[in-house]
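Here are some exercises to work through with the model open beside you. Try each task before you read its solution.

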Amino acid sequence: MSLGLVGRKVGMTRIFTEAGASVPVTVLDVSNNRVAQIKTQESDGYSVVQLAFGKRRPSRVSKPLAGHLAKAGVEAGHVLKEFAVSADELASLKAGDQISVTIFAVGQKVDVTGQTIGKGFSGAIKRHHFSSQNASHGNSVSHQALGSTGMAQDPGRVFPGKKMAGQLGAAKRTQQNLEIVRVDVERQLLLLKGAVPGSKGSDVIVRPAVKAGA
């Protein structure tokens, strides 16, 4: 149970260490995270902090949601995300507060959740990393074929869950234990070592790593 941030994937670049080594990093913009609601065990049955991120035109906001955000005195965002936190951390927050990037530190490990880039309908070779068939004489137009999927006799069917062709990407994924290599407080940016799920401009969720001590 730890407070995280909602952000936007800016893209990838690289930075250089003092020894001159090149480190690939992903830049995340986590600016303007504001507290939209504090939910407690007494009032709601569970303890969370609800954060609003991004912007949304007033004409795109429903009246119930507009009233909910107006009560907290925060601007409408296109993302509302809840984070489960401890009672002590919950007591230090109130509706309307801005959550800064300073809740993270250089060297800390984080988990980043996003939606992977959609690749459309793909064959089993590309989708599941199967080995292709021999590209030799006699194997005509079957190099990328899946191969047999069932059986001729009992039970004579394809079992559910069989790895076959289908939609590739556009799925929720979490990249774990990414190291923070730089925290830009002035521009509210996080630089993480390695890649995170999603395309440029997509929304991501950054949380302290759950397996950091493992």
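The exercises below go from the overall fold to single residues.

This is a predicted model, in which local features need pLDDT of at least 70 and side-chain atom pairs count only at pLDDT 80 or more, while totals for chains, interfaces and linings use all residues. Residues are numbered from 1 along each chain as its sequence is written, and side-chain values use heavy atoms, with hydrogens and water left out.

**Exercise 1. Overall form**

Task: describe the secondary structure and the spread of the protein.

Solution. Begin with the elements: there are four helices and twelve strands, where helices (H or I, at least four residues) and strands (E, at least two) are DSSP runs numbered from the N terminus. Next, take the radius of gyration, which is 23 Å against the 17 Å that the globule rule gives for 214 residues, so the protein is more spread out than a compact globule. That radius is taken over C-alpha atoms, and the rule is 2.2 Å times the number of residues to the power 0.38. Along the principal axes, the C-alpha atoms fill a box of roughly 70 × 50 × 40 Å. Finally, look at the contacts (heavy atoms within 4.5 Å): among those between residues at least 6 apart in sequence, 69% join residues at least 24 apart.

**Exercise 2. A residue in strand S3**

Task: is asparagine 33 buried or exposed, and which residues does asparagine 33 touch?

Solution. Locate asparagine 33 in strand S3 (residues 33-39). Its relative accessible area is 0%, so asparagine 33 is buried. Leaving out residues up to four places away in sequence, asparagine 33 touches Leu5, Val6, Leu51, Ala52, Phe53, Asp97, Gln98 and Ile99.

**Exercise 3. Charged pairs**

Solution. The structure holds four salt bridges, each a side-chain nitrogen of Lys or Arg within 4 Å of a carboxyl oxygen of Asp or Glu.

- Step one: aspartate 29 pairs with arginine 8, with the closest N and O atoms 3.5 Å apart. Aspartate 29 sits in strand S2 and arginine 8 in strand S1, 21 residues apart. Aspartate 29 is buried at 15% relative accessibility, whereas arginine 8 is partly exposed at 33%.
- Step two: lysine 39 and glutamate 82 meet at 2.6 Å, N to O. Lysine 39 lies in strand S3 and glutamate 82 in strand S5, so the pair ties together parts that are 43 residues apart in sequence. Lysine 39 is buried at 12%, and glutamate 82 is partly exposed at 28%.
- Step three: lysine 94 bridges to aspartate 97, the closest N and O atoms being 3.1 Å apart. Lysine 94 is exposed at 54%, but aspartate 97 is buried at 18%.

**Exercise 4. Backbone exceptions**

Solution. Recall the background: most residues other than glycine have a negative phi, and most peptide bonds are trans. The cis bond joins aspartate 154 and proline 155, with omega about 0°; proline 155 is found in the loop between H4 and S9. For phi, asparagine 32 has a positive value of about 60° and lies in the loop between strand S2 (22-29) and S3. Asparagine 177, with phi near 55°, is in strand S10. Asparagine 32 is partly exposed at 30%, and asparagine 177 is partly exposed at 32%.

Note on methods: Buried < 20%, exposed > 50% of the residue type's maximum accessible area, 1.4 Å probe, protein only.
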